[in-house]
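Subject: Structure for your files

Hello,

Here is the structure I said I would pass on. Please open it alongside this message.

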Amino acid sequence: MSAAPQSSTSASSGQPQMVVPGLNVTVVTAARRRPLAPPPTEPNKTLYIRNLNERISLKIIKNSLDAIFSTFGEILEIRAKHNIRLRGQAFVTYRELESASNALNKVQGFPLFGLPMDIQYARDTNFIFSKEDGTLEEHKKRRAEEKERREKEPKKPRQDAPTLGATGWFPGGAPIPAEFLPPNSILFVENLPPETTQDILTALFQQFAGFREVRLVPTKTDIAFVEYDTEAQATLAKQQLNLFKIQADREIKVTYARK
């Protein structure tokens, strides 16, 4: 089981941070989006995740969520949809309540594809557990009544902070900044010290599953390419090693390679 990201707070700025154990990687996270209603406080084995990058395919989103959240326990189901009402959102259901609570506390605000995840307990129980305890029909009836009640309520205007939605921030065909390139199993590493060797980078990146190889560029000593078996594996390495301090005064930048 791989190391899970840990939360902390910067003593100097007071901003929330995400620290990856053993790698000394610190990422300052953005403020959480304002919910339309107070988030549920009752613990639930299912987590509701929003503010997911809508430009990324559902397959990659699900694989990435599995890679991150499976570090906390057995996952029974990950649900994400294409439709407009649910895009940018997902549900992760655990076998154990403790796993869900640990994940919520430790992954809150972790940046996935450039956007900090906003995580809450789900408002309802997954049908998986209703089937197990024989209350499925009662559960369906209760959910239908709740849906009907919500539809009768007046709609509230959203006041969320803007995010990178399906239309993106890059009108007119402008080049996509490196931070928002589509997923790739090959990573592009920049700002390397001139004395960086293939062995140093291999030791750093092979900590993550699926590592294949490091490719240096003979004519440019400050960049390299790192390849993984799958895009999801490359994504996890990218998330945890971007801005890694390879020297006390030097951070490397890790992005997807352009296709």
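Please keep in mind that the model is predicted.

Strand β6

Strand β6 covers residues 89–94, and six of its six residues are buried, so the rest of the structure largely encloses this strand. The burial applies to both faces: Q89, F91 and T93 lie on one side, A90, V92 and Y94 on the other, and all are buried.

Two strands pair with β6. Strand β4, residues 46–50, runs antiparallel to β6 and is joined to it by five bridges. In this pairing, R50 is opposite Q89 of β6. Strand β5, residues 75–79, also pairs with β6 in the antiparallel sense, here over four bridges. On that side E77 stands opposite T93.

Two asparagines with positive phi

Most residues other than glycine have a negative phi. N51 is not a glycine, yet its phi is positive, at about 70°. N51 sits in the loop between β4 and α1, the latter spanning 58–69. Its relative accessible area is 6%; the cut-off for buried is under 20%, so N51 counts as buried.

N191 also has a positive phi, of about 65°, without being a glycine. The loop that holds N191 lies between β10 (186–190) and α5 (198–205). Is N191 buried, exposed or partly exposed? With a relative accessible area of 34%, N191 is partly exposed.

Regards

Note on methods
Residues numbered from 1 in each chain as written. Predicted model: local features only at pLDDT ≥ 70, side-chain atom pairs only at ≥ 80, totals over all residues. Heavy atoms only, no water. Buried < 20%, exposed > 50% of the residue type's maximum accessible area, 1.4 Å probe, protein only. Pairing = 2+ DSSP bridges.
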